[in-house]
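Please keep the sequence and the structure in view while reading.

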Amino acid sequence: MKFLKFTLYILPALLLNSCRDYVEVEQVGNNRILKYTSDYRAIANAYTDISGSGGIYLLANADVEFPATYQNGVSTIWANSYTWQDKIYDPSQGDSDYIGLYKAVYYSNVLLDGVMGSEKGTDAEKKEIYAEAFVHRAFAYLQLVNTYGPQFDPASANSEKAVPLLLKPELFSSLDRSTVGQIYDQIISDLKSALANDIQDTPPFNVLPSKKAVYALLARTYLYMGQYQLSLENAEKALQMQNGLIDLKTFATGYSYPVLIQNPEVIFSKTLLLTYNRAPLSNDLLSSFGTTDLRYDYYTIAGNVSISPTYTGRGFGIATYSNTNGINVGVSVPEMYLIAAECYARAGQTQKAVDYLNILRAKRFRANAAYQVSAATSTEALNLVLTERQKEFIGRGFRWFDQRRLNLDPAFQKTYTRIFKGNTFTLAPNSDGYVFPINQNYIDLNPELGK
């Protein structure tokens, strides 16, 4: 179980470094143990350590397109992800996404295992931390199963192997991979457990889990599962609690974009491990913006300045415009509007779908621009929603998750082709390229990961 050292020997370092000044601890040999509720709150508030959510899949999705002049300057990891390889890392490298997500799982398990028995805290304080930990763990596993496991299929038993399901903070534990269905069952269970433990409605900061975050994560999870009525119900619950949108018309420039913790659209903040700043965007995506859509100006940025190698075109720009501590891939108000719109379209409620689209679009276009869309059929409304998702979520990698789930529908299946350094690479619908491989180094140390 050597690989567990990467993910489980993190707690002493946390307590020795980030929490030294305000956590009471007792020495046990060369280690420090958790004793007080304040110790557990410090871990729950260790945002940098618990918020990382991977993101290497962003380079594989259809939003990204490496110009020829850009290709010689990218790393091998970026190149392998971009071309859907069955091996991303070489033997000397670790998978930071995988490690970071299991780090969040371990933190969550530590909180769940010990906080209720901690000292010098009220029952309410302990229960609040306990409820939050379920949400962090659910989010981490939703990322893990959709990166390293096959797509959930509502028409199948979902018995394909995905990732290890670790529910206790044990140093040595079996790393047998659980199935896609088992992982999703745990995600739903964790989110419902957070609700059952009275998670707070509205925390002081969007980096902390909340009831509205649980509803929003349930909406996302059920969407990925193809359970659209349940997805809609939870999206609506989240919107009842938070529905404010940024009006891009009020920005002087793209640099007016708010930092993450002050962004009123963010329901629950989780961040990409890297910003993937200025990752080149595809011409198809860029050409889908009209001249009055402000997202082109404020979500993208020219690729020919302040970057090496430069390229002709535009890349993802929010990381430049907003000097923040991460790019949000957590749940947000725009996502809830778009999930609700998609679910209404799939339910045949065309006008409701269009209405939700126009609520969002009203905040994204220049003053006096014709922003409203209309649809004659639910199919047309669904296509409008999916196009809107591509424009609203650029630079976050959500397109990858959409490609995976839409592949199950013959109407949306598509074969993608890329030319990289003169070689042609193809991603067929439902191919193995849609599942990122677990690093071979970890399988060598723990053979059960390869089964």
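**The nonpolar cores**

In this predicted model, the largest nonpolar core comprises 138 residues. Within this core, the residues with the most contacts are F66, Y141, L144, M336 and W400. Helix α8, residues 123–148, supplies the largest share of the core, namely 13 residues.

The surroundings of M336 can be listed in detail. Leaving out residues up to four places away in sequence, M336 touches A216, A219, A235, A238, L239, I267 and V331.

Two packed helices are described by the angle between their axes and the distance between the axes. The table gives these values for two pairs.

| Helix pair | Axes come within | Crossing angle |
|---|---|---|
| α15 (residues 333–346) and α17 (residues 378–392) | 8 Å | roughly 160 degrees |
| α11 (residues 228–241) and α15 | 9 Å | roughly 145 degrees |

How are α15 and α17 oriented to each other, roughly parallel or roughly antiparallel? An angle over 145 degrees counts as roughly antiparallel, and the axes of α15 and α17 cross at roughly 160 degrees. The two helices are therefore roughly antiparallel to each other. The crossing of α15 past α17 is left-handed.

On the α15 side, the contact is formed by P334, L338, I339, A341, E342, A345 and R346. These residues meet S378, A381, L382, V385, L386, E388, R389 and E392 of α17. By type, the residues of this contact divide into nine nonpolar, one polar and five charged.

The other pair also has a left-handed crossing, in which α11 passes α15. From α11, the contact involves Y228, S231, L232, A235, E236, A238 and L239. From α15, the residues taking part are V333, M336, Y337, I339, A340, E342, C343, Y344 and R346. The residues of the contact between α11 and α15 divide into 12 nonpolar, one polar and three charged.

**A covered helix**

How many of the residues of helix α18 are buried? In this helix, residues 398–406, nine of nine residues are buried, and the helix is described as mostly covered. The buried residues are F398, R399, W400, F401, D402, Q403, R404, R405 and L406. W400 is also among the residues with the most contacts inside the largest nonpolar core. The elements that cover the buried residues of α18 include the helices α8, α10 (211–224), α15 and α17, together with the strands β7 (416–420) and β8 (423–427).

Helix α9 spans residues 180–196 and contains Y184. Y184 counts as buried because its relative accessibility is 1%. Apart from residues up to four places away in sequence, Y184 touches L142, V145, N146, F152, T221, Y224 and M225. The C-alpha atoms of Y184 and A138 are 8.9 Å apart in space, although the two residues are 46 residues apart in sequence.

D190 also lies in helix α9, and D190 is buried, with a relative accessible area of 1%. Its neighbours within four places in sequence being set aside, D190 is in contact with F134, R137 and A138.

**Loop residues**

Most residues other than glycine have a negative phi. W84 is not a glycine, yet its phi is positive, at about 60 degrees. W84 is placed in the loop between α6 (76–82) and α7 (96–114). Its relative accessible area is 10%, so W84 is buried.

N158, which is likewise not a glycine, has a positive phi near 55 degrees. The loop between α8 and β3 (161–164) holds N158. Is N158 buried or exposed? Its relative accessible area is 3%, so N158 is buried.

G244 lies in the loop between α11 and α12 (283–287). This glycine is partly exposed, with a relative accessible area of 30%. G244 touches P264, E265 and V333, when residues up to four places away in sequence are not counted. Along the chain, G244 and V333 are 89 residues apart, while their C-alpha atoms are separated by 6.9 Å.

Notes. Residues are numbered from 1 along each chain as its sequence is written. This is a predicted model: local features need pLDDT of at least 70, side-chain atom pairs count only at pLDDT 80 or more; totals for chains, interfaces and linings use all residues. Side-chain values use heavy atoms; hydrogens and water are left out. A nonpolar core is a set of buried Ala, Val, Leu, Ile, Met, Phe, Trp, Tyr and Cys residues joined through side-chain atoms within 4.5 Å. Buried means under 20% relative accessible area, exposed over 50%, partly exposed in between (1.4 Å probe, protein chains only). Helices (H or I, at least four residues) and strands (E, at least two) are DSSP runs, numbered from the N terminus. Contact means heavy atoms within 4.5 Å. Axes are lines fitted to C-alpha atoms, for helices over the stretch in contact, and angles run from 0 to 180 degrees between N-to-C directions. Angles under 35 degrees count as roughly parallel, over 145 as roughly antiparallel, 65 to 115 as roughly perpendicular and the rest as oblique. A crossing is left-handed if the near helix is turned anticlockwise from the far one by less than a right angle, and right-handed if clockwise. Ala, Val, Leu, Ile, Met, Phe, Trp, Tyr, Cys and Pro count as nonpolar, Asp, Glu, Lys and Arg as charged, and the others, Gly among them, as polar.
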